[in-house]
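Open the model in your viewer and keep the selection tool at hand. The tour below goes from one stop to the next.

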Amino acid sequence: MSGQRETPLEAELKAQIAQDGPITIAHYMAQALGHPKHGYYMSRDPFGGRGDFITAPEVSQIFGELIGVWCAAGFQMIGAPERFALVELGPGRGTLMSDVLRAAKVMPGFLAAAEVHLVETSPLMRQNQKIKLGGAGVPVTWHESFESVPDLPLIVLANEFFDALPIRQVQKSEANWLERVVGLEGDQLSIGLAHKEAPPAFAPTEAQPGTIAEVSTIRDHIAQTIGGKIASHGGCGLVIDYGHAQSAAGDTLQAMSKHGYVDVLHQPGHCDVTSHVDFESLARGFETGGAKTYGPVPQGPFLHAMGLEVRAEKLKEKAMSRQKRLINSAVERLAGREQMGELFKVLAITHPDCPMPAPFEGLSA
Ligand code: SAH
């Protein structure tokens, strides 16, 4: 982009494209986020007011505490096993896990039975998580991927994890579907279409020319693996993310820097590049693995049904007026329709023998 310094990753991608030709959107995302040296999550802590975006656990401790209450009930639901793996994918600063453990320890037997397993590829994030969870009183193990999580009953959590996994995009031309790729226009990165027809499995049947469709095989694969482990060893879990309940065509690729949207090709490695989660496809992945799913339901109603108001009032009892205002704005941020309450969705996963978990019976998708 003119006037902007070229990032080291941008230079590397340009050289690679000049030599080998355009790369898929999935390859671009994987490099932008996960390049071992220059990837976004490998080189910086993006969260909070001074960072690029803020996630629900960083907005308020209430979020993690309510998820902790859900986990405590989930522990009972799966039969209060003597040992279980409390798994989180993409734990960021470790805030959610820390709040979950504090809230869930009120459930007798929970802490004594829990082994924490964190799936995290970034050494920098692992370091943050280690510091945050150092005093939690439970063993913590890190994994490069979900595959190495031990064969135990599971409680699985993933907040804003699946949006960061690579997607491919295809676009309808007059005759067929072509893959969207990142190539070079002059000396700048630019999105174009590959000349060869995209695999038909990626394309919806009816579509106008120009329509863009997305698919994430890696997301669906991870969901299937988790679903398989829950089906064979027992367990449950929650996936929370922004996205749509039903599969639909559309371009949802986005990039963020300093709390604002930027072009997806802007300063690769310095911006967060994600896409909206297709919950229909994700749920199918968990179910193909053998688990059952409930929802997704919007985050606002989910948090209200879990006791958001009651918890906020409790915190406000001991708060000064400035803190009270902060709690009110956090509640609005987490659950307000215009904020995270509607776009963010919650999907529950359970072993097929489990009953419908609370609070899903009272909520509609
Ligand atoms: N759940 C946290 C952080 C969300 S950001 C929160 O809500 O605040 C995404 C997290 O996923 C980061 O910790 C990032 O390092 C991690 N991550 C991204 N891609 C990953 C992958 N392929 N495997 C494991 N972790 C990944």
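**Two crossing helices**

This is a predicted model. Begin with α9 and α10, and look at how α9 passes α10: the crossing is right-handed. Select residues 217–233 for helix α9 and residues 279–289 for helix α10; their axes come within 6 Å and cross at roughly 35°. To see the contact itself, show the side of α9 that includes R219, D220 and A223, and the side of α10 that includes S281, L282 and F286. The residues of this contact divide into five nonpolar, seven polar and two charged.

**The largest nonpolar core**

Next, select I67, L86, F110, I155, L238, F302 and F360. Of the 50 residues in the largest nonpolar core, these touch the most other members.

**A buried glutamine**

Finally, select Q299, which is in helix α11 (residues 299–305). Is Q299 buried or exposed? Its relative accessible area is 0%, so Q299 is buried. Its contacts, leaving aside neighbours within four places in sequence, include A56, F63, I240, M340 and F344. L334 is also in contact with Q299, and the backbone oxygen of L334 lies 3.0 Å from a polar atom of the Q299 side chain.

Note on methods
Residues are numbered from 1 along each chain as its sequence is written. This is a predicted model: local features need pLDDT of at least 70, side-chain atom pairs count only at pLDDT 80 or more; totals for chains, interfaces and linings use all residues. Side-chain values use heavy atoms; hydrogens and water are left out. Helices (H or I, at least four residues) and strands (E, at least two) are DSSP runs, numbered from the N terminus. Buried means under 20% relative accessible area, exposed over 50%, partly exposed in between (1.4 Å probe, protein chains only). A polar contact is a pair of N or O atoms within 3.5 Å; within protein, one must be able to donate a hydrogen and the other to accept it, and residues adjacent in sequence count only if both atoms are side-chain atoms. Contact means heavy atoms within 4.5 Å. Axes are lines fitted to C-alpha atoms, for helices over the stretch in contact, and angles run from 0 to 180 degrees between N-to-C directions. A crossing is left-handed if the near helix is turned anticlockwise from the far one by less than a right angle, and right-handed if clockwise. Ala, Val, Leu, Ile, Met, Phe, Trp, Tyr, Cys and Pro count as nonpolar, Asp, Glu, Lys and Arg as charged, and the others, Gly among them, as polar. A nonpolar core is a set of buried Ala, Val, Leu, Ile, Met, Phe, Trp, Tyr and Cys residues joined through side-chain atoms within 4.5 Å.
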